[in-house]
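Hello,

Here is the structure we talked about handing over. Please open it alongside this email. My notes on what was found follow below.

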Amino acid sequence: MKIEKLIPECKDNLWGGTKLVEKYGKQTDKRPCAESWEISFHPNGKTRLENGKTLEEAATPAELGSNVAAFERFPMLVKFIDAAQDLSVQVHPTDEFALRDYHSYGKTEMWYIAEAEDGAGIYLGFNKDVTKAECEKAIAENTLVEKLRFYPVKKGEHYFVPAGTVHAICAGCLVYEIQQNCDLTYRIYDYGRRDKNGNLRELHIEKALETACLQAKEKIAFSANCPEGERIGVSRYFTLTRLNLCDLNGDRGEKRLKTDPASFRAVTCVSGEGAIDGRKMGRGDTFFVPATYGDFTVSGAAEILIAEVRKYHVDISRAELGYALSLADDLGDTLWRGEFACGADAANLFGDGKEILRNEFEKMFANTGITARDITYVSVRIGGGESHQIEEIFEELR
């Protein structure tokens, strides 16, 4: 397979706008055009190639990559969202609940703010810990948003949204969203809106509160330099890298990239324009680069996002303060590193220092958004036979 331009499936949710058609080149009769599903194998809207075939039909396992083949179903979904009105306050289930009730993945996602009007923002999590009873009371009194944390947003920011996080994208945001391959949403509050038939839109309060995280947490906006650009999203289901081709003067740039047998690349232009291996790439365009393709070039005055599926592992080693805990991907890039003291004797890590080690893992999770279940293995390089003991600690975290 060559590099293929993808034709998205568009959605006409009532809160949508017109920017995806007017500014991002989406060819659809749907009005409003609320979403364009840029790379999707989901039965509710499959991405197509220019020849009419779905990407799912056309791509071989080798072209998707070995990391994708490790999943029962294609692991990610990428979309643009144009919010002309506030989206409902909602929550997506974790894998645990989605697999139990629907034989589906849950939905961890992340947002890259492609555009934001003045005053635009998002609700993301609670502003303080709440109880289920307090949530139910606030829902009944139409005051739930008062308990949520509001973030004003601007173009170029990104936010990681773990499954179970109560959230809403608000009017004036145009968002690139990458998520697990899931279309399950539990609405908690919808401002009393009615659908096109005049009916109040369905709420799913009981299921939402069963899966929702009721603790206040800080936002996750991870960033790490890597050879392809700036890594901004890490999970076993999806990895996202931002690459700005413009130099400091705004002039056109060029970058040589390559695929590897483990994963395809899905390259999306979120601003400006350029080219991918000589093919014109405009704002809103997404191209599929097979895992088997090898080297390719992106160029122009553009900002692009690169989606792929990577595996992650943790290294524990000696360091100046005592020990270091590092997060790395299967390309060998170290993306996060923290040093900590835990005594000179390595055995202390698994004795009195066990809680210190556990806290370092939790710190990594909080800073990157990655979870223990996203980690394929832990490598211990401090001498002795500690691997088994570290795995025991890690399995407890999972």
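Contact here means heavy atoms within 4.5 Å. Helices (H or I, at least four residues) and strands (E, at least two) are DSSP runs, numbered from the N terminus. Buried means under 20% relative accessible area, exposed means over 50%, and partly exposed lies in between (1.4 Å probe, protein chains only).

This is a predicted model, in which local features need pLDDT of at least 70, side-chain atom pairs count only at pLDDT 80 or more, and totals for chains, interfaces and linings use all residues. Residues are numbered from 1 along each chain as its sequence is written, and side-chain values use heavy atoms, with hydrogens and water left out.

**Helices**

Start with α6, residues 132-140. Cys135, Ala138 and Ile139 are buried there. Seen down the axis of α6, these buried residues fall within an arc of 100°, so they line one face of the helix. The arc is that of the directions from the helix axis to the C-beta atoms. On the other side of α6, Ala133, Lys137 and Ala140 are exposed. What do the buried residues of α6 pack against? They pack against β8 (121-126), β13 (186-189) and α7 (205-211). After α6 comes Asn142, with a positive phi near 60°.

Next is α5, residues 95-102. Its buried residues include Asp95, Phe97 and Ala98. They cover an arc of only 165° around the axis, which puts them on the same side of α5. β12 and α7 are among the elements that cover the buried residues of α5. His103 follows α5, and its phi is positive, near 50°.

Then α8, residues 354-368. This helix has 15 residues and reaches 22 Å from its first C-alpha to its last. That is close to the 21 Å expected at 1.5 Å a residue; the expected span is 1.5 Å times one less than the number of residues. Buried in α8 are Leu357, Arg358, Glu360, Phe361, Met364, Phe365 and Thr368. They cover an arc of only 155° around the axis, which puts them on the same side of α8. Gly369 follows α8 with a positive phi, near 90°.

**Cores**

A nonpolar core is a set of buried Ala, Val, Leu, Ile, Met, Phe, Trp, Tyr and Cys residues joined through side-chain atoms within 4.5 Å. The largest one has 36 residues. Which of its members touch the most other members? They are Ile39, Met76, Tyr176, Ile178 and Phe264. At least two residues of this core come from each of β5 (76-83), β7 (109-116), β12 (173-180), β18 (265-276) and β21 (295-308). A second, separate core holds 25 residues, including Leu357, Phe361, Ile370 and Ala372.

Met76 is worth a look in the viewer. Leaving out residues up to four places away in sequence, Met76 touches residues including Ile39, Ile178, Tyr237, Phe264 and Ala307.

**Strands**

Two strands pair if DSSP finds at least two bridges between them. Strand β3 (residues 35-39) has five of its five residues buried, so it is largely enclosed by the rest of the structure. Three bridges join β2 (residues 9-11) to β3, and the two run antiparallel. In this pair, Cys10 stands opposite Ser36. β3 is also joined to β5, antiparallel, by four bridges. There, Glu35 stands opposite Ile81.

β16 (residues 239-244) is mostly covered, with five of its six residues buried. Strand β15 (residues 229-234) runs antiparallel to β16, with four bridges between them. A hairpin through four residues joins β15 to β16. β16 also pairs with β21 in the antiparallel sense, over six bridges.

**Cysteines**

Cys135 is buried, with a relative accessible area of 1%. Cys182 is buried, also with a relative accessible area of 1%.

Best wishes
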